Amino acid sequence: MYRYIGLVFYMAMVKMSSISDYWRQSSVFSVPFPATLMPRDRYRTISWNVHMSHPDEDKVNDRKRGTAEHDRLFRIKPLMDTIRQACKAIYHPRKNLAVDERMVACKAHTGMTQYMKAKPTKWGFKLFVLADSSNGYTLDFSVYTGKNNFPTGHGLSYDAVTSLLDRTLLGSGYHVYMDNFYTSPKLLKDLFAMKFGACGTYRDNRKDCPRNAANSLSKKSARGSIRWIRDGPLVFVKWMDTREVSVCSTIHSAHSGDSVQRRVKSQGTWRTKTFPCPAPVTAYNKHMGGVDLSDQLIQYYTTQHKTMKWYRKIFLHFLDIAATNSFILHKELHGNMSHKEFMEQLVTELCGVSQKAARKRTSSDHVPVPGAELTSDGRNVATAGRRNCVHCKEVRGKKQLTPWKCQACGVHLCLQLNRNCFQEWHKDE
């Protein structure tokens, strides 16, 4: 199984159009390594039979389809729980965290696949991900199943964030950044009560968000204009850039003297001007990209390819998370290896092979040498190490003793004036 997983990562690094191409022979586009590891049919058999739960238990769960007891994630749950536990147990994150969605490409008709117009991967499984903003480490994730019942009654976005923030494991004092899908006054106040700071863009129509016309911006407001309202621990900030930006925070003050530079056209020429910028906006831009960084690292050497089963897509994504998090940990501890070098080392260790390829034999390696070490006894020089000639036995069907063998091939071959089996044996090389 280690070799199989190693081969999956090898295919992530060496991209080909189909799985069968990795075992194609007698072509300038052939790759020799997969065939030395396992036959093609062996790889396919393992791929077809990869399960993360017991098949008999899957059938029992399938019979519950349409009832409240049916678990849509039953087929992936055992490995998913293991991966989540490992992500949380091995690494303790830094102060700034980010929550965002991640898409795993898939168009299977499972009832869980989603369409997200704004994402580069529009069709697939939606995962809610908690990541370390400093390095992109995936701390925790949950797969959206499309259910309409929410445990707390506060909606999907509220539950998605609170389910990822395990205070008993993380502790407190973290700063969590999120986009306007998640941000709400209710969520930020509850996180503040749990001793988690939070910051995120918000939608004006979200419940309990201020709608004070006297304190809002208009389309004609000058660039760099700032308006803000404080409500207990919450500060609501509006800032005019090329368009209006709305941010809510329980961490920052409205303005701490930060500024940004923008290229503006003045009197027919482009010039760089400095504009004041609210502290929540500066921090949001700096720390919100944790999940995007994680997605970027995963995509460099992703194991994803076309599959017949939807749960295999999730299985491959779990491998991506494990490999990427491992690389980030290695970088944090040692920092002496690039992503490519790490993946190469991972593949060779999983497959149990050396990273250095065996030296290709050349014609200069094929030279006749004595079949046995020469002795000082001159009476045995002609007979020592005599063995049957392989070529005579295979081609002529005769047994001929010879003291000569090929240095590279290690087989005994005749070398006489009237019978040069050595030359015949190597004619096609």
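Contact here means heavy atoms within 4.5 Å. The model on screen is predicted.

**Stop 1: helix H12**

Select residues 339-351, which form helix H12. This helix has 13 residues and reaches 18 Å from its first C-alpha to its last, close to the 18 Å expected at 1.5 Å a residue. Now colour its buried residues: His339, Phe342, Met343, Val347, Thr348, Leu350 and Cys351.

Before leaving, step to Gly352, which follows H12 and has a positive phi, near 70°.

**Stop 2: H1 against H11**

Two packed helices are described by the angle between their axes and the distance between the axes. For H1 and H11 the angle is about 85°, and the axes lie 12 Å apart. An angle of 65 to 115 degrees counts as roughly perpendicular, so H1 and H11 are roughly perpendicular to each other.

To see the contact, select Tyr4, Ile5, Val8 and Phe9 on H1, then Arg312, Leu316, Leu319 and Ala323 on H11. By class, this contact has 7 nonpolar residues, no polar ones and 1 charged residue.

**Stop 3: the nonpolar cores**

Next, select Leu7, Ile76 and Met178, the residues with the most contacts inside the largest nonpolar core. That core has 81 residues. H11 supplies its largest share, 12 residues.

Centre the view on Met178. What does Met178 touch, residues up to four places away in sequence not counted? The list is Val99, Val161, Thr183, Leu187, Leu188, Leu191, Ala198, Cys199, Gly200, Thr201, Tyr284 and Met288.

**Stop 4: Ala283**

Finish at helix H9, residues 279-287, and pick out Ala283. Is Ala283 buried or exposed? Buried means under 20% relative accessible area; Ala283 has 11%, so it is buried.

Display Tyr177 and His252 as well: Ala283 is in contact with both, leaving aside its neighbours within four places in sequence. Finally, select Met103, which is 180 residues from Ala283 along the chain. The C-alpha atoms of Ala283 and Met103 are separated by 25 Å.

Methods. Residues are numbered from 1 along each chain as its sequence is written. This is a predicted model: local features need pLDDT of at least 70, side-chain atom pairs count only at pLDDT 80 or more; totals for chains, interfaces and linings use all residues. Side-chain values use heavy atoms; hydrogens and water are left out. Helices (H or I, at least four residues) and strands (E, at least two) are DSSP runs, numbered from the N terminus. The expected span of a helix is 1.5 Å times one less than its number of residues. Buried means under 20% relative accessible area, exposed over 50%, partly exposed in between (1.4 Å probe, protein chains only). Axes are lines fitted to C-alpha atoms, for helices over the stretch in contact, and angles run from 0 to 180 degrees between N-to-C directions. Angles under 35 degrees count as roughly parallel, over 145 as roughly antiparallel, 65 to 115 as roughly perpendicular and the rest as oblique. Ala, Val, Leu, Ile, Met, Phe, Trp, Tyr, Cys and Pro count as nonpolar, Asp, Glu, Lys and Arg as charged, and the others, Gly among them, as polar. A nonpolar core is a set of buried Ala, Val, Leu, Ile, Met, Phe, Trp, Tyr and Cys residues joined through side-chain atoms within 4.5 Å.
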